[in-house]
Amino acid sequence: MRDFIHYFVSWLRNSSRPALLLTVFLVAALVAANYTIGIESRIQTLPWYFAIAAFFAFFSLVLSLVWGLQYEWGWKEQTGTPVPTLRGGRITVDTTARPSGYFQPGFVLLLALSALFFSLKMVHWDLSSFLPHSIVYPWNRYTLLVIQLPLKLILLLFFLYCCRKGGLIEGDSLAASVGLTARGFKPAPYFGLLALLVPLIALASTQHDFLQVYPKVQILGFLNGYAQPSWPWRLLYELSYGLDFLGIELFFRGLLVIGVLRYAGTDAILPMAAFYCTIHFGKPMGECITSFFGGLVLGVLAARTRTILGGLIVHLGLAWLMELGGWLGHLWMH
C-alpha cells in the first residue's frame with residue numbers, strides 16, 4: 001500500500017499543475033451541467049443513430065479539451081522526442097523509446113476510434129429480432145439483458161485486435177498490448193485497497209439515490225413467479241454484469257493508458273480519467289465524482305505496473321460490493 005501512495009504522489013509531483021487543475025475544473029463543470037440539465041439522459045432519449053453521433057461528439061470534445069490542456073502545459077512532446085515513463089516510482093525519460101508525438105496520425109486515429117467505439121457501447125442494442133421465436137416472455141427479456149454485455153465485450157476484443165493489427169498499439173501480444181498480463185503482478189495490495197473502500201460503500205448503501213440504482217440485479221423483478229429458485233438466474237446476471245468491468249479496464253486502463261504510453265507517456269492518465277468520469281453521468285452523482293479520482297489512481301497504477309489486473313480486482317470487487325451493499329440497504333430500509 002505504501003508503494004501505491006508513493007506512485008501516486010510521484011505522479012502528482014511530476015504532473016503539470018495547470019493541466020491538472022484545469023482538468024479538474026473542466027470535469028467539475030461537466031458534472032454540474034450533467035446533474036442540472038441531464039446531458040447523458042437527454043442523449044439517451046434520442047433515436048439510437050442520433051445518440052451514437054451525440055455521444056461521439058461529446059466524448060471527442062472532452063478528449064480534445066483535456067489532451068489540449070496536456071499539450072499546452074504537459075510535456076509538449078513532438079515527434080522524435082523520447083517518451084517520459086513512470087519507473088520505480090519516478091518519471092524517467094527513456095531515450096530508447098519509440099519516437100512519439102501528439103499529432104501522429106496513429107494517435108489521433110486511435111483517440112477518434114476510441115470515442116466512436118464507446119459511443120456504440122453506450123446505446124442499448126435491440127437484439128430482439130435475432131432471438132428464436134420459441135423464447136417467450138419473460139425469458140426473451142432475460143436473455144436480452146444477459147447477453148448484451150458479453151457481446152459488447154466480444155466487440156471490444158475485436159476492436160483491440162484491429163488496433164494492434166493496424167499498428168495503433170503495440171506489444172509482444174494483444175494481451176500485453178493492453179496490460180492483460182500477470183508478469184510480476186502481486187494481488188495482495190489491491191485487495192487491501194479494496195478493503196479500504198468498504199466503509200464508503202456501507203455509507204453509500206444508506207443513500208436514497210444509491211438504492212435507486214443498486215443492486216443492479218433488482219431489474220430482474222419481472223422473473224418473480226416464473227423462476228423457482230431464482231438465484232441461479234440472478235447469479236448468471238451478476239456474472240454477465242461483471243464481464244462489463246473487464247471491458248472497462250481493458251478499454252480505459254489497457255487501451256487509453258498502457259496503449260497510449262508510446263505516444264505521450266503518462267500524459268495519458270488525465271484525459272483517460274476525464275473520459276472515464278463522463279461515462280458515469282447516468283450513475284448517482286457521488287459515484288460519478290469519485291470515478292474521476294478512482295480513474296486517476298487506477299491509471300497511475302496501470303502506467304506503473306503495465307497490467308490492468310490490479311485495477312480489475314478493485315473495479316470488479318467494488319462493483320459486486322456495491323451490489324451487496326444495495327441488497328443489504330434495501331433489506332435495512334424495509
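Colleague: Let's start inside: which residues line the largest cavity?

Modeller: Keep in mind that this is a predicted model. A search of the whole structure turns up 1 cavity of 30 Å³ or more, and the largest cavity has a volume of about 40 Å³. Its lining is made up of Tyr190, Glu249, Arg253, Leu298, Leu301, Ala302, Thr305, Thr307, Ile308, Gly310 and Gly311.

Colleague: And which helix gives the most to the lining of the largest cavity?

Modeller: The elements that give two or more residues to that lining are helix 10 (231-258), helix 13 (285-305) and helix 14 (309-333). By type, the lining residues divide into 5 nonpolar, 4 polar and 2 charged. With 4 residues, the one giving the most is helix 13.

Colleague: How far away is the nearest cysteine sulfur to cysteine 163?

Modeller: Cysteine 163 is in no disulfide. This residue is buried, with a relative accessible area of 2%. The nearest cysteine sulfur belongs to cysteine 162, and the distance is 7.2 Å.

Colleague: What about cysteine 277: which cysteine has the closest sulfur, and how far away is it?

Modeller: Cysteine 277 counts as buried, at 1% relative accessibility. Its sulfur is too far from the closest cysteine sulfur for a bond, because a disulfide needs the two within 2.5 Å. That closest sulfur is in cysteine 288, at 3.8 Å.

Colleague: Now helix 5: what do its buried residues pack against?

Modeller: Helix 5 (residues 105-122) has 18 residues and reaches 26 Å from its first C-alpha to its last, close to the 26 Å expected at 1.5 Å a residue. Its buried residues include Phe107, Leu110, Leu111, Phe117, Phe118 and Lys121. The buried residues of helix 5 pack against helix 3 (39-44), helix 4 (48-73), helix 6 (139-165), helix 10, helix 11 (261-264) and helix 12 (269-278).

Colleague: Where is proline 138 placed, and what is omega for the bond that joins it to tyrosine 137?

Modeller: Most residues other than glycine have a negative phi, and most peptide bonds are trans. Proline 138 sits in the loop between helix 5 and helix 6. The bond joining tyrosine 137 and proline 138 is cis, with omega about 5°.

Colleague: Which loop holds proline 229?

Modeller: The peptide bond from glutamine 228 to proline 229 is cis too, with omega near 0°. Proline 229 has its place in the loop between helix 9 (208-213) and helix 10.

Colleague: What is phi of arginine 306 near?

Modeller: Arginine 306 lies in the loop between helix 13 and helix 14. It is partly exposed, with a relative accessible area of 29%. Its phi is a positive value in a residue other than glycine, near 60°.

Colleague: Last one: which residues does valine 213 touch, again leaving out those up to four places away in sequence?

Modeller: Valine 213 lies in helix 9 and counts as partly exposed, at 22% relative accessibility. Valine 213 and glutamate 323 are 110 residues apart in sequence and 9.5 Å apart in space, C-alpha to C-alpha. The residues valine 213 touches are Gln218 and Pro284.

Key:
Residues are numbered from 1 along each chain as its sequence is written. This is a predicted model: local features need pLDDT of at least 70, side-chain atom pairs count only at pLDDT 80 or more; totals for chains, interfaces and linings use all residues. Side-chain values use heavy atoms; hydrogens and water are left out. Buried means under 20% relative accessible area, exposed over 50%, partly exposed in between (1.4 Å probe, protein chains only). On a 1 Å grid over the protein atoms alone, a cavity is a set of points where a 1.4 Å probe fits but cannot get out, and a pocket is an open set with protein on both sides within 12 Å along at least five of seven lines; lining residues have an atom within 4 Å of a point. Grid points are joined across faces, edges and corners, and a volume is the space filled by probe spheres set on the points. Ala, Val, Leu, Ile, Met, Phe, Trp, Tyr, Cys and Pro count as nonpolar, Asp, Glu, Lys and Arg as charged, and the others, Gly among them, as polar. The expected span of a helix is 1.5 Å times one less than its number of residues. Contact means heavy atoms within 4.5 Å.
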